[in-house]
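Reader: I have a model open on my screen and would like to learn how to read it. Could you take me through some features, one at a time?

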Amino acid sequence: MALPGANLPTVTVTPPCPCCGGPGNDARPISNARPQLFRSACTFTVSRCRGCGALFTSPRLSDEGLRAWYDALQALPQTTETLQRADSKSVSPLVRFLRCSERATPVARWMRGGPVLDLGCGQEQLLSEVASQGFEAEGVEWDAAAVVIARGRGEQADLRTFEPSPARYQHIVLSNVLEHLPDPAGQLQRIAPGLGAVGTVLVAVPNAASALRFVFGRHWVGWDVPFHLTHFTPASMRAMASLAGLCAARTRTPGTAEEIRTSLNNALATDRRMLARRVAFFPIARALGALRLRSALVAELEPTPPSGAEDEGRL
Ligand SMILES: [Zn+2]
């Protein structure tokens, strides 16, 4: 089936490093990646900052170009692939994390109360999970289509300008959001004052340190260019959190076999010469999945305690 994308704009800019602000034109290319739903259009480059090691898409689309690509994404027919994509988003890494952690630690205890703010709440699956625990929950979404679909307490706002009320929230959630923003560290800085005294920012992003990234290379599902502008590892997450006065209290790497299946589909659809190798590799990929070498990264960010302070508030 022919995929759209041939006429989408491809004007690019070279951004500075999203972590240290170092010059983007000095970054070292590490991988090419193709758009997963617009394969006929072009390829993009993932580069590594020579100063701090952060990974980011560079060059990336201009802001105007990105808007056109997001518009095209919204206009895609509901092909099997887009339905798979929707399924993937409806069960985000964070929701999977909540469900997985329920066996070891009751979600209610883990969340430690509310209110909860979900930035980029989409169709509010996470808010439903939180509300089912009896906590107050609010959502902010910048995708107009998602707002129309959303129910309950969703509010429409632009994440780039939204600033939460000071010291209001127990948890602020950014699930599958930070990787889409041109300035993720700045976003963390803007929302950090919204945390209460013992608040937590919960972040879920693709994990670029996953073994699956190295197995699948440019076909790895987590690149998701041109929409993903920053590609996080646990180390770069900690570095960006520190810029906002936050520290990564805990990190986890949840996931399912879905990341393996989608990456494999990407490889087969765009590189048929590798078919035999990929089929032969599949049992190994399943084994990697069983070993929990996952493609998602969930981090719990907390305000950095003053130097020398005792850490007495954690579970
Ligand atoms: Zn850097």
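Reader: Leaving aside its neighbours within four places in sequence, which residues is Leu195 in contact with?

Author: Two residues are in contact if their C-beta atoms, placed from the backbone, lie within 7 Å. For Leu195, leaving aside neighbours within four places in sequence, the partners are Ala167, Tyr169, Ile172, Val201 and Pro303. Leu195 belongs to strand E10 (residues 195-206); helices (H or I, at least four residues) and strands (E, at least two) are DSSP runs, numbered from the N terminus. Although Leu195 and Ala167 are 28 residues apart along the chain, 4.7 Å separates their C-alpha atoms.

Reader: Is Leu195 buried or exposed?

Author: A residue is buried if 20 or more other C-beta atoms lie within 10 Å of its own, exposed if 12 or fewer, and partly exposed in between, with C-beta atoms placed from the backbone. Leu195 is buried, because 24 other C-beta atoms lie within 10 Å. Of the 315 residues in the chain, 38% are buried.

Reader: Before we go on, what sort of model is this?

Author: This is a predicted model: local features need pLDDT of at least 70, side-chain atom pairs count only at pLDDT 80 or more, and totals for chains, interfaces and linings use all residues. Residues are numbered from 1 along each chain as its sequence is written. pLDDT is the predictor's confidence in each residue, from 0 to 100. The chain has a mean pLDDT of 77, with 65% of its residues at 70 or more.

Reader: Where in the chain is confidence lowest, and where is it highest?

Author: Helix H2 (residues 80-90) is lowest, with a mean of 46, while strand E4 (residues 55-57) is highest, at 97. Over residues 79-90 pLDDT stays under 50, and the model has nine contacts beyond four places in sequence for them. Residues 101-108 also stay under 50, with seven such contacts.

Reader: How do helices H7 and H9 pack?

Author: Two packed helices are described by the angle between their axes and the distance between the axes. Axes are lines fitted to C-alpha atoms, for helices over the stretch in contact, and angles run from 0 to 180 degrees between N-to-C directions. Here H7 (residues 184-191) and H9 (residues 234-243) pack at about 45°, their axes 8 Å apart. H7 is therefore oblique to H9: angles under 35 degrees count as roughly parallel, over 145 as roughly antiparallel, 65 to 115 as roughly perpendicular and the rest as oblique.

Reader: Which residues meet there?

Author: Pro184, Ala185, Leu188 and Gln189 in H7 meet Met240, Ala241 and Leu243 in H9. By class, this contact has six nonpolar residues, one polar and no charged. Ala, Val, Leu, Ile, Met, Phe, Trp, Tyr, Cys and Pro count as nonpolar, Asp, Glu, Lys and Arg as charged, and the others, Gly among them, as polar.

Reader: Which peptide bonds are cis?

Author: Look at omega. The bond from Ser58 to Pro59 is cis, with omega near 0°, and Pro59 sits in the loop between E4 and strand E5 (60-61). The bond from Val225 to Pro226 is also cis, with omega near 0°; Pro226 is in the loop between helix H8 (211-216) and strand E11 (230-231).

Reader: What is phi of Asp224?

Author: Phi of Asp224 is near 40°, a positive value in a residue other than glycine. Asp224 lies in the loop between H8 and E11 and is buried, with 20 other C-beta atoms within 10 Å.
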